[in-house]
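Visitor: I have a model open and would enjoy a guided tour. Could you take me through a few of its details?

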Amino acid sequence: MIHLTNIKKQHGSHILFNNASLQILPGSRSGLVGPNGAGKSTIFRLITGEEDLDAGDISCGKKVVIGYFSQDVGEMAGRSALAEVMAASSEVMKLGEQISAMEGQMCEPLDDEALAALLERYGDAQQEFEHRGGYDLEPRAQAVLTGLGIGPDADNRPAESFSGGWKMRIALARILTINPDVLLLDEPTNHLDVESIVWLEDWLAKDYKGALLMTSHDRDFMNRLVSRVIEVASQTVTTYGGNYDFYLREREIRREQLIASHRRQQEMLSKEEEFIARFAARASHAAQVQSRVKKLEKIERILIPAEQKKVRFEFNPPPRSGDDVVALKDLAKSWPLPEGGEKPVFSGISGLIRRGDKIAVTGVNGAGKSTFLKALSGQIEPSAGSATLGANVELGYFSQHSMELLDPKKTVFDSLQLALPKASIGVIRNLAAAFLFQGDDVDKRIDKLSGGEKSRLVIATLLARPINLLVLDEPTNHLDIQSREVLLEALQNFAGTVILVSHDRHFLRALVGRVFEIDHGKMVSYDGDYEYYLHKTGREHGAG
């Protein structure tokens with residue numbers, strides 16, 4: 001379907017690919033992985049023609065329709081959300097108009113030859129229209145929008161009135177609705193809640209029949225959908241059969257085999273070089289020496305790709321809090337409405353958070369999860385009731401807003417030094433490295449960092465402080481899989497109490513031991529892990 005053969009691409013002096021190849025076959029489901037900057041997004045842009053190759057070849061079938069979702073949503077103005085989604089299928093709509101026109105022509109007197117030609121064109125157009133889903137375009141667009149959280153009550157709202165995250169959903173709906181032959185998805189789960197992620201997962205697994213190539217930071221999402229992983233790293237592309245977990249195991253096996261082969265080759269080269277050095281000056285061995293020199297020149301050297309070192313940072317144990325960390329009593333929050341009155345978010349929330357608890361706060365989008373965390377951590381005043389901190393509780397709060405509090409002129413090192421004023425340079429560098437700021441990365445200014453890098457930095461400064469209660473609102477947003485694993489391990493080893501909201505199911509499954517679900521303004525506590533919660537709520541086949 002789409003073949004990239006012996007491709008070469010570089011940006012400036014940085015070579016992304018050299019003699020790399022990959023294929024997208026009909027119906028295939030592939031995950032694209034690799035470190036930041038390796039060239040994953042470049043592969044998407046090469047396929048769509050947004051960038052040109054330096055060498056090599058890209059071939060694609062003539063009638064293949066490609067749908068590409070990226071984080072750049074473009075302009076949205078002058079149309080409703082539903083009209084914006086349907087506008088992406090303008091070619092299909094034109095095809096429908098052509099079919100109507102041809103039906104009109106059939107009512108006119110035509111000779112046999114003209115009628116035969118018209119019927120052939122009509123048949124081809126009708127077949128293409130049906131293949132592209134033209135007959136159910138509007139209901140399909142509505143169903144996709146609803147699945148992504150924009151219900152019938154909102155699909156006629158102007159697209160420009162939605163916030164950035166919701167515009168992302170409209171842009172994603174736009175691509176899904178065109179029903180392309182090849183779907184290129186660059187981080188489709190960003191800005192989606194668990195319910196929308198589960199819907200998208202099911203839609204791609206059951207309703208979408210074309211080929212899929214995607215990047216995703218959501219490990220569960222990747223595992224459930226892909227049967228092949230394409231790794232972009234070290235200027236080449238390597239394909240692994242299997243899902244993401246299989247890829248991790250297989251990559252480790254291949255790396256160990258490569259290291260063993262490299263060791264054997266080095267031993268052989270050492271012996272040959274020793275022989276050459278020993279007998280180079282002897283005329284009686286000249287032919288043998290020359291033969292071995294030529295042999296060495298022809299041998300292709302085995303190279304072991306550099307792998308980012310994993311650094312562990314031993315955090316100082318936080319000060320011990322009392323056994324009762326937060327007591328919730330009839331906690332309630334309402335927001336004032338512009339036209340007067342109030343809109344209740346939740347009310348009557350009571351319960352006890354104990355020392356050492358690791359709690360996930362769940363609920364549908366708009367249920368009030370973030371508002372609950374803000375009220376619990378003192379970021380906003382509750383409308384009624386109380387959230388009382390226990391003895392010796394030191395609270396640290398993280399949200400996407402926390403990243404805006406970083407000083408843009410300071411470096412990573414400066415920011416960590418502020419959090420640890422008495423620490424040595426070595427300790428600060430170790431902390432930076434543990435959160436993937438290695439080498440010169442510590443000298444990067446805050447205003448040059450990506451969203452994921454800022455998240456990692458803020459979380460590193462929180463964990464370095466003497467805090468024993470962490471309240472985290474979507475800490476995994478913007479983080480790639482490797483960064484999420486770093487954060488997960490840090491929180492698993494954290495000796496204090498954690499309360500968090502996250503849409504990463506793998507993260508929740510591996511971390512939490514209790515779940516608070518906010519539903520219709522009330523809170524239900526589940527005293528078990530995330531799997532227990534899914535089982536008790538009957539969601540194990542969907543959200544699990």
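Visitor: At what angle do the axes of helix 5 and helix 6 cross?
Guide: Happy to start there, with a reminder that this is a predicted model, where local features need pLDDT of at least 70, side-chain atom pairs count only at pLDDT 80 or more, and totals for chains, interfaces and linings use all residues. Residues are numbered from 1 along each chain as its sequence is written, and side-chain values use heavy atoms, with hydrogens and water left out. Helices (H or I, at least four residues) and strands (E, at least two) are DSSP runs numbered from the N terminus, while axes are lines fitted to C-alpha atoms, for helices over the stretch in contact, with angles from 0 to 180 degrees between N-to-C directions. The axes of helix 5 (residues 137-147) and helix 6 (residues 164-177) come within 9 Å and cross at roughly 140°.

Visitor: Is helix 5 parallel or oblique to helix 6?
Guide: Angles under 35 degrees count as roughly parallel, over 145 as roughly antiparallel, 65 to 115 as roughly perpendicular and the rest as oblique. The crossing angle of roughly 140° therefore makes helix 5 oblique to helix 6.

Visitor: How do the residues of the contact of helix 5 with helix 6 divide by class?
Guide: With contact meaning heavy atoms within 4.5 Å, Leu137, Arg140, Ala141, Val144 and Leu145 in helix 5 meet Ile170, Ala173, Leu176 and Thr177 in helix 6. Ala, Val, Leu, Ile, Met, Phe, Trp, Tyr, Cys and Pro count as nonpolar, Asp, Glu, Lys and Arg as charged, and the others, Gly among them, as polar. The residues of this contact divide into seven nonpolar, one polar and one charged.

Visitor: How is helix 12 oriented to helix 13?
Guide: Helix 12 (residues 412-419) and helix 13 (residues 425-434) pack with their axes 10 Å apart, at an angle of about 115°. That angle makes helix 12, relative to helix 13, roughly perpendicular.

Visitor: Which residues of helix 13 make the contact with helix 12?
Guide: Helix 12 brings Phe413, Leu416 and Gln417 to the contact. From helix 13 come Ile425, Ile428, Arg429, Leu431 and Ala432.

Visitor: Is Asp504 buried or exposed?
Guide: Asp504 sits in the loop between strand 16 (497-501) and helix 16 (505-511). Buried means under 20% relative accessible area, exposed over 50%, and partly exposed in between (1.4 Å probe, protein chains only). Because its relative accessible area is 2%, Asp504 counts as buried.

Visitor: Which backbone nitrogen lies 2.9 Å from a polar atom of the side chain of Asp504?
Guide: Leaving aside neighbours within four places in sequence, Asp504 is in contact with His217, Thr476 and Arg484. Its side chain also reaches the backbone nitrogen of His506 at 3.1 Å. The backbone nitrogen at 2.9 Å belongs to Phe507.

Visitor: What is the phi of His191?
Guide: Most residues other than glycine have a negative phi. His191 is found in the loop between strand 6 (182-186) and helix 7 (194-207), and is partly exposed because its relative accessibility is 32%. Although His191 is not a glycine, its phi is positive, about 75°.

Visitor: What is the relative accessibility of His520?
Guide: His520 lies in the loop between strand 17 (514-519) and strand 18 (522-526), with a positive phi of about 50° although it is not a glycine. His520 counts as exposed, because its relative accessibility is 76%.

Notes:
Polar contact = N/O pair within 3.5 Å; in protein donor to acceptor, adjacent residues only side chain to side chain.
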